[in-house]
Amino acid sequence: MLDVLHRDRLALRIHDGAFSGMDLTARHPRTGELLSTVKFMVQTLAAAGELQRELQRELAYDGLRVAEAKGNKGGRRPALAGDTVADVRTAYLKGQSIAALAREHGVSRGAIRTAVADLLPEHATDQDAPAPELPITLDMPGKVADFLRAAELEPAERTALEKGVPVQRGQGYTLRVTAVPAVHRGLLVRCQPLDGGQGVLAVPAQHKARREYENRVRTLAPTGP
């Protein structure tokens, strides 16, 4: 980023504090390299940013462990819970279709299927239900996996991530994740923030890792209508 600013003759200055007025794009007039004090400041700011990100991730992990110890699985709350699930299961066993139950309770058909999942093989009546997808193994770049571990995921996405097998790649790694295509696509959507946007600058290495994962997910067969 500093190279781009220098090329376009733009300055990046600190406006207040102990280093007020420092230009983070200042270069030596002869060598054209960043001044040593500027380089030190940039490296310090980058290290502080990385420390903050790592601390946030550690706190997120600690929160997940505490939640799991209390019996909470994390992710979004189920659309149906408690007595409603029992009512849905009873109605389904009596012959009411998944589509009708979804309309009655104002939820998606997927939420109804989740509530009656163990009943589907013997009592499935919804003719519109798509054929089950088969699990597919894809290599997820380590930078994407690190970001997703601290993100809010659906239970199926979290399970797929936790069961992933790390494979060492030079100084980094990839996570070999086995899941149905729908879960892979969901994980791809979750790591969208790595592309930056809305005032947040993308980290080139993370952006590149996400693009690699996106290319792999796009090789999966498209979902039906």
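Me: What do buried, exposed and partly exposed stand for here?
Reply: Buried is under 20% relative accessible area, exposed is over 50%, and partly exposed is in between.

Me: Then why is Glu154 called partly exposed?
Reply: Its relative accessible area is 25%. That value falls between the 20% and 50% limits, so Glu154 counts as partly exposed. Keep in mind that this is a predicted model.

Me: What makes Arg190 and Glu154 a salt bridge?
Reply: The closest N and O atoms of the pair are 3.7 Å apart. The cut-off is 4 Å between a side-chain nitrogen of Lys or Arg and a carboxyl oxygen of Asp or Glu, so the pair qualifies.

Me: Why is this pair said to tie parts together?
Reply: Arg190 lies in helix α9 and Glu154 in the loop between α7 and α8, so the bridge links parts that are 36 residues apart in sequence. Arg190 is partly exposed, at 22% relative accessibility.

Me: How do you know that Arg57 and Asp146 form a salt bridge?
Reply: Their side chains meet at 3.8 Å, N to O. The limit is 4 Å, so the pair counts. Arg57 belongs to helix α2 and Asp146 to helix α7, so parts 89 residues apart in sequence are tied together. Asp146 is partly exposed, with 24% relative accessibility. The structure holds ten salt bridges.

Me: What makes Asp195, Arg210, Arg211, Glu214 and Arg218 one network?
Reply: Salt bridges that share partners join these five residues.

Me: Why are β1 and β2 called edge strands?
Reply: The open sheet has three strands in the order β1-β3-β2, with antiparallel pairing. β1 (136-141) and β2 (165-169) each have a single partner strand, so one side of each lacks a neighbour in the sheet. The twist averages 30° from one strand to the next.

Me: How do you know that β2 and β3 are paired?
Reply: Five bridges join β2 to β3 (residues 172-179). Pairing needs at least two, so the strands pair. Val167 stands opposite Thr174 in β3. The two strands form a hairpin with two residues between them, and Gly170 in the turn has a positive phi of about 60°.

Me: Which residues of the largest nonpolar core touch the most other members?
Reply: They are Met140, Val144, Leu148, Leu187, Cys191 and Tyr213, out of 21 residues. Elements giving two or more residues to this core include β1, α7, α9 and α10. A second, separate core has twelve residues, among them Leu80, Ala91, Ala102 and Val116.

Me: What is in contact with Ile14, leaving aside neighbours within four places in sequence?
Reply: Phe19, Ser20, Gly21, Met22, Leu24 and Met41 are. Ile14 is found in the loop between α1 (2-7) and α2 (36-69). The C-alpha atoms of Ile14 and Leu24 are 7.8 Å apart, and the two residues are ten apart in sequence.

Me: Where is confidence lowest and where is it highest in the protein chain?
Reply: Helix α6 (residues 120-123) is lowest, at a mean pLDDT of 58, and β1 is highest, at 91. The chain mean is 81, and 86% of residues reach 70 or more.

Definitions and conventions:
Residues are numbered from 1 along each chain as its sequence is written. This is a predicted model: local features need pLDDT of at least 70, side-chain atom pairs count only at pLDDT 80 or more; totals for chains, interfaces and linings use all residues. Side-chain values use heavy atoms; hydrogens and water are left out. Helices (H or I, at least four residues) and strands (E, at least two) are DSSP runs, numbered from the N terminus. Contact means heavy atoms within 4.5 Å. Axes are lines fitted to C-alpha atoms, for helices over the stretch in contact, and angles run from 0 to 180 degrees between N-to-C directions. pLDDT is the predictor's confidence in each residue, from 0 to 100. A nonpolar core is a set of buried Ala, Val, Leu, Ile, Met, Phe, Trp, Tyr and Cys residues joined through side-chain atoms within 4.5 Å. Buried means under 20% relative accessible area, exposed over 50%, partly exposed in between (1.4 Å probe, protein chains only).
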